[in-house]
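Here are my notebook entries from a first walk through this structure.

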Amino acid sequence: MTMLQQNKKAVSPAATWKFLIPSLIGALLFLCPISYNGEVTIGVGILASFLLSTFSNVIPAFILFLLGFSAIASLAATAIKPEFVKNSPFLRATFINGPFGLAVRIIAFAFGIMAYFEIGPEAIASRNTGGVVLYDLAPVLLTWFLFAGILLPLLVEFGLMEFVGVLVNKFMRPVFTLPGRSSIDAMASWMGAAPVGVLVTMKQYDEGYYTEREASVIATTFSIASVAFSLVVANVVGIGHLFLPFYLAVSVACLVAAVIMPRIPPLSRKKDVYYAPVGKQVDDVIPENVSLVKWGFAEARRKADSAASPSKLAKIGVETVLDIWLALIPLVMALGTVALVVAEYTPLFKIVSYPLIPVLTLLGLPEAAEAAPTFLVGFADMFLPAVLGSGIESELTRFVLAGVSLTQIIYMSEIGLLILRSNIPVKFWELAVIFILRTVITLPILVLFGHLFV
């Protein structure tokens with residue numbers, strides 16, 4: 001009896017529908033591009049945008065409430081340690097914190113108050129620092145993760161990743177050193193938002209479907225900027241009329257980086273071991289004389305048949321959302337504001353960008369001295385290079401710096417903090433190195449496209 005036959009006997013007849021219906025809905029919500037209000041987005045993005053626009057006036061106040069609740073509840077739970085908190089893995093992990101975690105939540109609440117009421121030091125309360133996080137970044141995280149966290153099981157728990165993974169594994173392994181299922185992460189980022197792709201990767205790693213190396217590579221290499229965000233950046237820097245060649249350049253640069261980055265340190269030194277608490281939960285061995293489609297379908301049915309009950313999946317989804325709201329958003333508010341303060345009010349990025357000036361000059365970019373800091377300030381936030389570089393006169397330079405800001409991927413106000421807070425074993429210094437390497441790899445490609453099309 002073949003493994004495929006054993007697999008078929010192990011699942012119920014209803015497994016086919018359990019795979020097809022939720023997976024189809026998940027694909028429609030997370031992977032299918034939809035034009036909405038003149039932008040290309042996904043179903044989850046439409047839901048998030050609707051919520052954001054409908055409640056735009058009250059969302060910052062709600063975020064301030066979350067920051068306050070997170071800080072006060074964490075202080076109380078850490079000091080008192082009530083039994084109901086200690087006995088709940090979710091509540092214990094969320095509210096019982098060490099000194100650093102407590103300090104971050106208290107600082108985040110203080111920053112939130114300053115930004116909301118525009119009081120205290122201008123460097124923090126300014127609309128360009130704390131205000132950016134409270135009014136721009138945090139609302140996007142709040143709304144996107146509300147729907148992504150609850151609806152994500154449709155994408156990852158009912159066999160779609162198993163089916164697609166088997167079909168494209170022979171391409172993904174030799175080209176990107178990754179399993180086929182990682183293509184779903186890339187598509188979720190590309191069509192929707194990079195944080196959604198990272199969320200998929202986090203969940204897959206925690207459940208034993210990615211190794212340490214695979215999860216590290218996917219989170220730092222495939223969390224590409226969405227089409228919608230790329231269009232926003234292009235318009236901000238004044239190259240919206242060049243969007244098609246611009247996005248082509250960004251896509252090519254990201255693909256080249258995705259081929260190179262897994263093969264060089266620090267990512268190449270990550271171990272191919274699975275998350276210890278769960279171990280390996282995936283079998284990549286395909287039986288002989290079985291077609292990829294047939295085996296992928298069998299694997300998908302097996303996964304769907306073993307999926308948790310709707311109530312349990314809903315509970316996990318709600319816990320994911322609350323974890324983002326009560327733990328990640330305070331981290332973004334505190335550290336994101338600090339990163340923006342450093343970028344806006346200190347000469348740090350200008351100083352460290354001095355070595356870039358002769359490189360940019362050699363590559364034929366006008367206004368190299370003015371542009372150099374914008375190529376590094378993206379480490380604080382992906383949108384900053386577009387804002388700071390919009391005043392540069394040279395269209396060629398604006399084309400390149402906008403492209404580099406999208407291909408660098410690692411920015412600490414959102415993606416970086418999301419990765420650091422996850423179980424994926426990537427350290428802060430590694431994120432900084434990856435950021436620099438991606439800049440070095442993608443810059444010449446974008447310069448080449450810039451000279452061709454501008």
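Predicted model: local features only at pLDDT ≥ 70, side-chain atom pairs only at ≥ 80, totals over all residues.

**Entry 1, a charged pair.** I began with Arg-213, which is buried, with a relative accessible area of 9%. For me, buried means under 20% relative accessible area, exposed means over 50%, and partly exposed lies in between (1.4 Å probe, protein chains only). The side chain of Arg-213 meets that of Asp-272 in a salt bridge, at 3.1 Å from N to O. Arg-213 lies in helix H14 (residues 212-221) and Asp-272 in the loop between helix H16 (243-260) and helix H17 (292-305), so the pair ties together parts that are 59 residues apart in sequence. Asp-272 is partly exposed, at 48% relative accessibility.

Residues are numbered from 1 along each chain as its sequence is written, and side-chain values use heavy atoms, leaving out hydrogens and water.

How many salt bridges does a search of the whole structure find? I noted ten, taking a salt bridge as a side-chain nitrogen of Lys or Arg within 4 Å of a carboxyl oxygen of Asp or Glu. One of them joins Arg-302 and Glu-299 at 3.5 Å, N to O. Both residues lie in helix H17, three residues apart, about one turn of the helix. Helices here (H or I, at least four residues) and strands (E, at least two) are DSSP runs, numbered from the N terminus. Glu-299 is buried at 6%, and Arg-302 is partly exposed at 30%.

I then looked up the largest nonpolar core, which has 135 residues. Such a core is a set of buried Ala, Val, Leu, Ile, Met, Phe, Trp, Tyr and Cys residues joined through side-chain atoms within 4.5 Å. The residues with the most contacts inside the core include Phe-30 and Val-400. Helix H18 (residues 310-345) gives the most to this core, with 14 residues. Leaving aside residues up to four places away in sequence, Val-400 touches Leu-365, Phe-375, Leu-443, Leu-446 and Val-447, where contact means heavy atoms within 4.5 Å.

I found zero disulfides in the structure, a disulfide being a pair of cysteine sulfur atoms within 2.5 Å. Cys-254 is buried, with a relative accessible area of 7%, and Cys-32 is partly exposed at 28%.
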